[in-house]
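I opened the model to look up a few local features. My notes follow the order in which I checked them.

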Number of protein chains: 2
Amino acid sequence: MTKYSGQKHFLIAVDCIIFGFDGYDIKLLLIQRGFEPEKNKWSLMGGFLQSGESLEYAANRVLKQLTGLEGVYLEQLQTFSKPLRDPVERTISTAYFALIDIHQYEKQLSHDYHAEWFLLKKRPLLIFDHEEMVKLAQKQLRYKAALHPILFELLPDKFTIPQLQSLYQGIYNTKFDNRNFSRKVLSTELLIKQQEKDKANSKKGAFYYKLDKRRYKANFQAFLNFIPNPDKLLR
Amino acid sequence: MTKYSGQKHFLIAVDCIIFGFDGYDIKLLLIQRGFEPEKNKWSLMGGFLQSGESLEYAANRVLKQLTGLEGVYLEQLQTFSKPLRDPVERTISTAYFALIDIHQYEKQLSHDYHAEWFLLKKRPLLIFDHEEMVKLAQKQLRYKAALHPILFELLPDKFTIPQLQSLYQGIYNTKFDNRNFSRKVLSTELLIKQQEKDKANSKKGAFYYKLDKRRYKANFQAFLNFIPNPDKLLR
């Protein structure tokens with residue numbers, strides 16, 4: 001007889017929140033739930049933890065099974081545990097999130113489960129507490145965006161200032177003044193102007209920029225400006 | 001027959017990481033585990049999730065039962081799920097953490113379970129993956145400290161610059177140059193100098209300061225300086 005015997009056991013699930021950026025808008029990937037309750041309603045990609053899996057492994061498996069996506073870096077967001085969050089049986093769910101370049105994963109996306117991109121701000125009603133999960137993930141994204149001057153994992157190799165502005169506007173769900181935005185971004189001195197222009201989206205065209213990766217790495221610390229080089233101190 | 005039937009169920013635990021500041025050092029609260037395996041080894045305060053409890057509720061209950069502490073604001077850190085993390089039976093554990101003013105909670109601390117404060121940098125070996133939990137919580141603290149110029153929830157109403165420096169030195173596990181530290185902190189213009197001096201810790205004494213809470217709130221944004229007022233935009 002140990003302290004372990006007689007303890008209650010629980011169902012554990014994972015839910016994946018996948019934000020995507022297509023160069024203009026932030027979108028959210030959703031599927032139609034394939035089983036009861038709430039069958040056919042829009043849902044995050046979720047499934048149960050199996051024996052022998054870590055949560056990270058389960059999140060990657062579920063995402064692959066339901067959408068075809070693989071190799072996405074999923075970050076653990078938070079574990080949701082309100083006793084009545086699932087009406088059938090109590091389930092504790094750990095949510096994972098990622099923000100990806102939609103074009104880069106386009107070909108992987110399977111349509112077997114009707115995974116669909118929705119404009120983040122025009123998303124349908126979600127089942128259970130998935131709305132709460134999405135809101136917390138958005139908040140997390142906003143903090144990340146404030147700390148990382150350029151969300152460069154997300155941008156194509158070369159991009160325009162209007163594209164970058166769209167990305168930030170999508171994340172903060174607001175409209176920035178074009179001139180101010182451009183001035184602020186260029187003042188970071190992290191962008192290298194290219195010769196070439198994108199003429200697809202305006203007559204005048206917009207110059208392409210590339211990120212100065214060396215500088216970006218060196219200057220990241222500038223944003224954590226109270227303590228000298230905190231990352232150096234992180235073990 | 002639903003998708004839910006036949007799914008594996010798991011033990012779920014919570015573990016509490018309590019950092020404390022006594023004005024000079026950052027400490028870690030530990031207990032001696034009361035049951036096998038690893039009986040009498042040093043451990044975070046942990047226990048199993050019960051039916052009907054949310055994880056937050058369980059974390060508060062466990063902390064109260066094992067240390068006497070109540071009313072501590074516990075923040076969810078991360079859920080740990082490596083299949084072999086507990087040698088007796090697979091257990092998924094959600095870790096919570098807090099940083100408290102040791103003096104403020106002194107009277108609540110019960111000695112029934114031998115809860116003891118250890119210097120963070122001289123802590124004993126911990127059971128299971130508790131060392132990994134503590135390291136992740138430290139990393140989280142460092143990010144918080146970099147974003148919040150003063151960890152004011154933690155300081156007494158009036159405090160000296162050397163006390164503040166000790167706090168930051170404890171969190172970053174490093175030694176700052178006294179003069180530089182003082183200059184940087186005062187340049188934030190968030191501190192109001194008091195008439196009174198603390199003479200207990202040096203002959204010359206050190207002036208007490210109070211936090212300018214109004215300014216602190218208004219200036220917090222300055223540290224998230226790329227996006228104008230991100231918090232305003234957080235829904």
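**Conventions.** I am working with a predicted model, where local features need pLDDT of at least 70, side-chain atom pairs count only at pLDDT 80 or more, and totals for chains, interfaces and linings use all residues. Residues are numbered from 1 along each chain as its sequence is written, chains are lettered from A and ligands numbered from 1 in the order written, and side-chain values use heavy atoms, without hydrogens and water.

**Sheet, chain A.** I took helices (H or I, at least four residues) and strands (E, at least two) as DSSP runs numbered from the N terminus. Strands pair if DSSP finds at least two bridges between them. I found an open sheet of three strands in chain A, ordered E8-E10-E9, with antiparallel pairing. Strand E8 (159–160) and strand E9 (191–198) are at the edges with a single partner strand each, so one side of each has no neighbour in the sheet. Two bridges join E8(A) to E10(A), residues 206–211. I traced A:Thr160 to its bridge partner, A:Tyr208 in E10(A).

**Cysteines.** I searched for disulfides (cysteine sulfur atoms within 2.5 Å). The count over all chains is zero. For accessibility I used relative area: buried is under 20%, exposed over 50%, partly exposed in between (1.4 Å probe, protein chains only). A:Cys16 is buried at 0%. B:Cys16 is buried, also at 0%.

**Helix pair, chain B.** I fitted axes to C-alpha atoms over the stretch in contact, with angles from 0 to 180 degrees between N-to-C directions. H4 (161–172) and H5 (178–187) of chain B pack at about 100°, axes 10 Å apart. H4(B) and H5(B) are therefore roughly perpendicular (65 to 115 degrees; under 35 is roughly parallel, over 145 roughly antiparallel, the rest oblique). I listed contacts (heavy atoms within 4.5 Å). From H4(B) they include B:Leu164 and B:Tyr168; from H5(B), B:Phe181 and B:Val185 are among them.

B:Pro37 lies in the loop between E2 (26–32) and E3 (42–43) of chain B. B:Asn40 is in that loop between E2 and E3, with phi near 70°. B:Asn40 is partly exposed at 49%. B:Phe128 has a positive phi of about 45° and sits between E7 and H3 of chain B. B:Phe128 is partly exposed at 23%.
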